Amino acid sequence: MRMRSHRSAALRVSVAGVTAILLGAAGLAACEVTGGNSPGSTGGTAGGKPSPKPTPTWDTSPRSVAAVGDSITRGFDACSVLADCPEVSWATGSDTGVRSLAVRLLGKERAATHSWNYARTGARMADLPAQMEQAAAMSPGLVTVMAGANDACRPTPSSMTPVDTFREDFQDAMRTLRREAPKAQVYVSSVPDLKRLWSAGRSSALGKQVWKLGICSSMLADPDDLAKAATRRRAAVQDRVVAYNKVLGDVCAKDRLCRYDGGAVFDYRFDGRQLSHWDWFHPSKDGQSKLAAMAYRRVTSEEPIA
(Lines give C-alpha, C1' and ligand atoms only; values in the text may rest on other atoms or scores of the structure.)
Protein backbone atom coordinates (compact mmCIF):
# COMPACT_ATOMS: atom_id res chain seq x y z
CA MET A 1 0.00 0.00 0.00
CA ARG A 2 2.79 2.44 0.86
CA MET A 3 4.59 1.71 -2.39
CA ARG A 4 1.46 2.45 -4.46
CA SER A 5 0.89 5.66 -2.47
CA HIS A 6 4.41 6.89 -3.21
CA ARG A 7 4.07 5.97 -6.87
CA SER A 8 0.68 7.78 -7.08
CA ALA A 9 2.15 10.92 -5.54
CA ALA A 10 5.11 10.84 -7.91
CA LEU A 11 2.76 10.39 -10.85
CA ARG A 12 0.66 13.38 -9.73
CA VAL A 13 3.80 15.58 -9.48
CA SER A 14 4.94 14.44 -12.91
CA VAL A 15 1.57 15.18 -14.52
CA ALA A 16 1.41 18.62 -12.84
CA GLY A 17 4.89 19.45 -14.13
CA VAL A 18 4.06 18.46 -17.68
CA THR A 19 0.82 20.45 -17.52
CA ALA A 20 2.70 23.53 -16.32
CA ILE A 21 5.21 23.20 -19.16
CA LEU A 22 2.42 22.82 -21.69
CA LEU A 23 0.55 25.85 -20.30
CA GLY A 24 3.72 27.91 -20.33
CA ALA A 25 4.40 26.98 -23.93
CA ALA A 26 0.82 27.85 -24.88
CA GLY A 27 1.12 31.20 -23.16
CA LEU A 28 4.39 31.90 -24.99
CA ALA A 29 2.78 31.01 -28.29
CA ALA A 30 -0.13 33.31 -27.50
CA CYS A 31 2.28 36.19 -26.81
CA GLU A 32 3.99 35.59 -30.11
CA VAL A 33 0.65 35.62 -31.94
CA THR A 34 -0.65 38.83 -30.35
CA GLY A 35 2.61 40.77 -30.06
CA GLY A 36 4.07 43.52 -32.28
CA ASN A 37 1.72 44.77 -35.01
CA SER A 38 -0.72 41.89 -34.93
CA PRO A 39 -4.46 42.52 -34.55
CA GLY A 40 -4.30 41.76 -30.84
CA SER A 41 -1.48 44.21 -30.14
CA THR A 42 -2.06 47.15 -27.77
CA GLY A 43 0.10 49.56 -29.75
CA GLY A 44 3.72 48.62 -29.68
CA THR A 45 5.40 50.40 -26.75
CA ALA A 46 7.12 48.58 -23.89
CA GLY A 47 4.87 47.58 -21.02
CA GLY A 48 1.81 47.31 -23.23
CA LYS A 49 1.18 51.07 -23.24
CA PRO A 50 -0.37 52.51 -26.44
CA SER A 51 1.84 54.66 -28.66
CA PRO A 52 1.26 58.41 -28.18
CA LYS A 53 -0.83 60.12 -30.84
CA PRO A 54 1.24 62.20 -33.28
CA THR A 55 1.08 65.97 -32.80
CA PRO A 56 -1.03 67.54 -35.56
CA THR A 57 0.99 69.52 -38.08
CA TRP A 58 -1.48 72.42 -38.34
CA ASP A 59 -2.69 74.21 -35.19
CA THR A 60 -6.23 75.49 -35.73
CA SER A 61 -5.94 77.81 -32.70
CA PRO A 62 -2.72 79.84 -33.06
CA ARG A 63 -2.04 82.09 -30.08
CA SER A 64 -0.81 85.18 -31.99
CA VAL A 65 -1.02 86.69 -35.48
CA ALA A 66 1.38 88.82 -37.53
CA ALA A 67 0.37 90.27 -40.89
CA VAL A 68 2.55 91.16 -43.87
CA GLY A 69 1.57 92.47 -47.28
CA ASP A 70 0.22 95.58 -48.97
CA SER A 71 -2.54 98.22 -48.86
CA ILE A 72 -5.38 95.73 -48.54
CA THR A 73 -4.02 94.51 -45.22
CA ARG A 74 -3.58 98.16 -44.16
CA GLY A 75 -7.28 98.87 -44.78
CA PHE A 76 -6.44 101.50 -47.40
CA ASP A 77 -9.42 103.61 -48.56
CA ALA A 78 -11.80 101.71 -46.28
CA CYS A 79 -12.38 104.62 -43.86
CA SER A 80 -11.34 107.73 -45.79
CA VAL A 81 -9.97 108.57 -49.21
CA LEU A 82 -6.33 107.73 -49.95
CA ALA A 83 -5.53 106.81 -46.34
CA ASP A 84 -4.68 103.67 -44.37
CA CYS A 85 -7.18 102.40 -41.79
CA PRO A 86 -5.47 99.45 -40.06
CA GLU A 87 -8.20 99.17 -37.45
CA VAL A 88 -10.43 97.61 -40.15
CA SER A 89 -7.74 95.30 -41.52
CA TRP A 90 -9.06 91.82 -42.30
CA ALA A 91 -5.97 90.32 -40.64
CA THR A 92 -5.38 92.26 -37.41
CA GLY A 93 -7.97 95.05 -37.16
CA SER A 94 -9.92 95.84 -34.01
CA ASP A 95 -13.16 97.07 -35.63
CA THR A 96 -16.13 95.10 -34.27
CA GLY A 97 -17.94 95.29 -37.60
CA VAL A 98 -15.07 93.62 -39.44
CA ARG A 99 -14.13 91.03 -36.81
CA SER A 100 -10.63 90.48 -38.15
CA LEU A 101 -8.94 87.11 -38.29
CA ALA A 102 -6.97 87.98 -35.14
CA VAL A 103 -10.15 88.90 -33.24
CA ARG A 104 -11.91 85.74 -34.39
CA LEU A 105 -8.98 83.57 -33.35
CA LEU A 106 -7.84 85.29 -30.17
CA GLY A 107 -10.73 87.39 -28.92
CA LYS A 108 -10.64 91.19 -28.92
CA GLU A 109 -8.60 91.69 -25.74
CA ARG A 110 -5.87 89.22 -26.62
CA ALA A 111 -5.78 90.37 -30.25
CA ALA A 112 -4.91 93.88 -29.04
CA THR A 113 -1.68 92.60 -27.49
CA HIS A 114 -0.90 89.53 -29.60
CA SER A 115 -1.34 90.69 -33.19
CA TRP A 116 0.91 92.91 -35.30
CA ASN A 117 0.49 94.51 -38.74
CA TYR A 118 3.70 94.98 -40.74
CA ALA A 119 2.02 95.41 -44.13
CA ARG A 120 2.69 98.61 -46.05
CA THR A 121 0.63 100.40 -48.67
CA GLY A 122 2.36 100.14 -52.03
CA ALA A 123 4.47 97.13 -51.01
CA ARG A 124 5.50 94.58 -53.61
CA MET A 125 6.76 91.04 -53.18
CA ALA A 126 10.33 92.37 -53.05
CA ASP A 127 9.38 94.13 -49.79
CA LEU A 128 8.11 90.96 -48.15
CA PRO A 129 11.43 89.57 -46.80
CA ALA A 130 11.95 92.69 -44.67
CA GLN A 131 8.36 92.53 -43.42
CA MET A 132 8.80 88.83 -42.63
CA GLU A 133 11.88 89.64 -40.58
CA GLN A 134 9.83 92.06 -38.49
CA ALA A 135 7.05 89.52 -38.09
CA ALA A 136 9.43 86.70 -37.17
CA ALA A 137 10.91 88.79 -34.35
CA MET A 138 7.57 88.47 -32.54
CA SER A 139 7.62 84.63 -32.73
CA PRO A 140 4.03 84.59 -34.02
CA GLY A 141 1.82 81.53 -34.08
CA LEU A 142 0.48 82.55 -37.49
CA VAL A 143 1.66 84.91 -40.24
CA THR A 144 -0.81 86.12 -42.85
CA VAL A 145 0.41 87.03 -46.33
CA MET A 146 -1.44 89.10 -48.91
CA ALA A 147 0.92 90.49 -51.53
CA GLY A 148 1.28 90.61 -55.30
CA ALA A 149 -1.35 93.09 -56.45
CA ASN A 150 1.22 95.89 -56.62
CA ASP A 151 3.54 93.70 -58.67
CA ALA A 152 0.82 93.66 -61.33
CA CYS A 153 -0.42 97.21 -60.66
CA ARG A 154 2.39 99.07 -62.40
CA PRO A 155 2.32 102.05 -64.78
CA THR A 156 2.37 99.65 -67.75
CA PRO A 157 2.20 95.88 -68.23
CA SER A 158 5.84 95.85 -69.34
CA SER A 159 6.88 97.13 -65.89
CA MET A 160 5.12 94.35 -63.97
CA THR A 161 7.35 92.14 -61.82
CA PRO A 162 8.59 89.15 -63.85
CA VAL A 163 7.13 85.86 -62.63
CA ASP A 164 10.57 84.35 -61.88
CA THR A 165 11.52 87.40 -59.81
CA PHE A 166 8.20 87.20 -57.97
CA ARG A 167 8.93 83.55 -57.13
CA GLU A 168 12.44 84.31 -55.90
CA ASP A 169 11.19 87.14 -53.70
CA PHE A 170 8.49 84.99 -52.12
CA GLN A 171 10.92 82.13 -51.54
CA ASP A 172 13.32 84.59 -49.92
CA ALA A 173 10.53 85.83 -47.65
CA MET A 174 9.69 82.29 -46.58
CA ARG A 175 13.35 81.47 -45.91
CA THR A 176 13.63 84.63 -43.81
CA LEU A 177 10.67 83.55 -41.71
CA ARG A 178 11.92 80.00 -41.28
CA ARG A 179 15.34 81.14 -40.07
CA GLU A 180 13.82 83.18 -37.27
CA ALA A 181 10.48 81.47 -36.60
CA PRO A 182 10.61 77.86 -37.82
CA LYS A 183 7.35 76.88 -36.10
CA ALA A 184 5.22 79.79 -37.31
CA GLN A 185 2.26 78.87 -39.50
CA VAL A 186 1.61 80.83 -42.68
CA TYR A 187 -1.70 81.64 -44.35
CA VAL A 188 -1.31 82.95 -47.91
CA SER A 189 -4.13 84.80 -49.67
CA SER A 190 -4.35 84.82 -53.44
CA VAL A 191 -4.01 88.06 -55.40
CA PRO A 192 -7.49 89.51 -56.15
CA ASP A 193 -8.94 89.39 -59.66
CA LEU A 194 -7.93 92.88 -60.82
CA LYS A 195 -9.89 92.60 -64.05
CA ARG A 196 -13.09 91.87 -62.15
CA LEU A 197 -12.42 94.90 -59.94
CA TRP A 198 -12.05 97.04 -63.09
CA SER A 199 -15.35 95.67 -64.38
CA ALA A 200 -17.15 96.34 -61.09
CA GLY A 201 -15.71 99.81 -60.52
CA ARG A 202 -15.94 101.36 -63.96
CA SER A 203 -19.61 102.16 -63.38
CA SER A 204 -18.64 104.64 -60.65
CA ALA A 205 -17.84 108.18 -61.84
CA LEU A 206 -16.10 108.96 -58.53
CA GLY A 207 -14.12 105.75 -58.68
CA LYS A 208 -12.84 106.52 -62.16
CA GLN A 209 -11.76 109.99 -61.05
CA VAL A 210 -9.72 108.45 -58.22
CA TRP A 211 -8.23 105.92 -60.64
CA LYS A 212 -6.76 108.83 -62.60
CA LEU A 213 -4.50 109.52 -59.62
CA GLY A 214 -2.52 106.45 -60.63
CA ILE A 215 -4.20 103.51 -58.90
CA CYS A 216 -3.24 100.32 -60.75
CA SER A 217 -2.72 102.05 -64.10
CA SER A 218 -1.78 98.85 -65.90
CA MET A 219 -5.36 97.66 -65.40
CA LEU A 220 -7.42 100.77 -64.63
CA ALA A 221 -6.08 103.39 -67.04
CA ASP A 222 -8.68 104.55 -69.59
CA PRO A 223 -11.36 102.39 -67.97
CA ASP A 224 -13.95 102.98 -70.70
CA ASP A 225 -11.58 102.13 -73.54
CA LEU A 226 -12.72 98.79 -74.99
CA ALA A 227 -10.53 98.84 -78.10
CA LYS A 228 -8.26 95.90 -78.89
CA ALA A 229 -5.11 97.46 -77.46
CA ALA A 230 -6.76 98.22 -74.11
CA THR A 231 -8.33 94.76 -74.02
CA ARG A 232 -4.95 93.14 -74.66
CA ARG A 233 -3.38 95.30 -71.94
CA ARG A 234 -5.92 94.17 -69.36
CA ALA A 235 -5.59 90.55 -70.46
CA ALA A 236 -1.81 90.74 -69.96
CA VAL A 237 -2.31 91.99 -66.41
CA GLN A 238 -4.89 89.28 -65.74
CA ASP A 239 -2.53 86.58 -67.02
CA ARG A 240 0.23 87.87 -64.77
CA VAL A 241 -2.03 87.76 -61.71
CA VAL A 242 -2.95 84.16 -62.52
CA ALA A 243 0.76 83.33 -62.81
CA TYR A 244 1.50 85.02 -59.48
CA ASN A 245 -1.20 82.99 -57.78
CA LYS A 246 0.28 79.80 -59.15
CA VAL A 247 3.63 80.79 -57.65
CA LEU A 248 2.02 81.47 -54.27
CA GLY A 249 0.39 78.05 -54.29
CA ASP A 250 3.53 76.24 -55.47
CA VAL A 251 5.89 77.82 -52.93
CA CYS A 252 3.42 77.43 -50.08
CA ALA A 253 2.88 73.74 -50.90
CA LYS A 254 6.56 73.03 -50.20
CA ASP A 255 6.26 74.21 -46.61
CA ARG A 256 4.33 71.90 -44.28
CA LEU A 257 3.26 74.84 -42.10
CA CYS A 258 1.88 76.93 -44.96
CA ARG A 259 -1.68 77.08 -46.30
CA TYR A 260 -2.67 78.79 -49.55
CA ASP A 261 -6.29 79.89 -49.91
CA GLY A 262 -6.70 77.90 -53.12
CA GLY A 263 -7.66 81.02 -55.08
CA ALA A 264 -10.53 82.00 -52.76
CA VAL A 265 -9.77 85.73 -52.81
CA PHE A 266 -9.17 85.70 -56.57
CA ASP A 267 -12.51 83.95 -57.12
CA TYR A 268 -14.54 86.17 -54.78
CA ARG A 269 -16.97 88.49 -56.57
CA PHE A 270 -16.51 91.82 -54.81
CA ASP A 271 -19.44 94.16 -55.52
CA GLY A 272 -20.49 97.66 -54.49
CA ARG A 273 -20.93 96.63 -50.86
CA GLN A 274 -17.47 95.10 -50.59
CA LEU A 275 -15.55 97.85 -52.44
CA SER A 276 -14.39 101.24 -51.17
CA HIS A 277 -16.85 103.99 -52.07
CA TRP A 278 -13.89 106.24 -52.80
CA ASP A 279 -11.83 104.18 -55.24
CA TRP A 280 -14.07 101.18 -56.04
CA PHE A 281 -10.96 99.02 -56.01
CA HIS A 282 -9.81 98.38 -52.45
CA PRO A 283 -12.08 96.47 -50.05
CA SER A 284 -14.57 98.41 -47.95
CA LYS A 285 -15.22 97.49 -44.31
CA ASP A 286 -17.67 94.89 -45.55
CA GLY A 287 -15.08 93.58 -48.00
CA GLN A 288 -12.49 93.40 -45.22
CA SER A 289 -14.98 91.39 -43.15
CA LYS A 290 -15.47 88.96 -46.04
CA LEU A 291 -11.69 88.49 -46.32
CA ALA A 292 -11.50 87.81 -42.57
CA ALA A 293 -14.26 85.21 -42.79
CA MET A 294 -12.55 83.43 -45.69
CA ALA A 295 -9.26 83.33 -43.81
CA TYR A 296 -10.82 82.16 -40.54
CA ARG A 297 -12.58 79.28 -42.27
CA ARG A 298 -9.33 78.05 -43.76
CA VAL A 299 -7.10 78.61 -40.76
CA THR A 300 -9.48 76.74 -38.41
CA SER A 301 -10.14 73.83 -40.75
CA GLU A 302 -8.54 70.54 -39.72
CA GLU A 303 -7.67 69.88 -43.38
CA PRO A 304 -6.78 72.39 -46.11
CA ILE A 305 -9.79 73.66 -48.07
CA ALA A 306 -9.30 73.58 -51.81
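This is a short chat about a predicted protein model.

Colleague: How confident is the predictor overall?
Modeller: The mean pLDDT (the predictor's confidence in each residue, from 0 to 100) is 86, and 82% of residues reach 70 or more. This is a predicted model: local features need pLDDT of at least 70, side-chain atom pairs count only at pLDDT 80 or more, and totals for chains, interfaces and linings use all residues. Residues are numbered from 1 along each chain as its sequence is written, and side-chain values use heavy atoms, with hydrogens and water left out.

Colleague: Where does pLDDT stay under 50?
Modeller: Over residues 1–47. The model has 11 contacts (heavy atoms within 4.5 Å) beyond four places in sequence for that stretch.

Colleague: New topic. What order do the strands of the sheet take?
Modeller: The order is 2-1-3-4-5, in an open sheet of 5 strands with parallel pairing. Strands (E, at least two residues) and helices (H or I, at least four) are DSSP runs, numbered from the N terminus. Two strands pair if DSSP finds at least two bridges between them.

Colleague: Which are the edge strands?
Modeller: Strand 2 and strand 5 (258–260), as each pairs on one side only.

Colleague: And how many bridges join strand 1 and strand 3?
Modeller: Strand 1 (residues 65–69) and strand 3 (residues 142–146) pair over 5 bridges. Valine 65 stands opposite leucine 142 there.

Colleague: Now asparagine 117. Buried or exposed?
Modeller: Asparagine 117 has 15% relative accessibility, so it counts as buried. Buried means under 20% relative accessible area, exposed over 50%, partly exposed in between (1.4 Å probe, protein chains only). Asparagine 117 lies in strand 2 (residues 115–117).

Colleague: What does its side chain reach at 3.0 Å?
Modeller: The backbone oxygen of threonine 73. The side chain of asparagine 117 also has a polar contact of 3.3 Å with that of threonine 92. A polar contact is a pair of N or O atoms within 3.5 Å; within protein, one must be able to donate a hydrogen and the other to accept it, and residues adjacent in sequence count only if both atoms are side-chain atoms.

Colleague: Last one. How many aromatic pairs are there?
Modeller: The whole structure has 3. Rings of Phe, Tyr and Trp (its six-membered ring) pair if their centres lie within 6.5 Å; planes under 30 degrees apart count as stacked, over 60 as edge-to-face and the rest as tilted. Tryptophan 90 and tyrosine 187 are edge-to-face, 6.4 Å centre to centre with 65° between the planes.

Colleague: What does that pair tie together?
Modeller: Tryptophan 90 is in the loop between strand 1 and helix 2 (101–106) and tyrosine 187 is in strand 4, so the pair links parts 97 residues apart in sequence.
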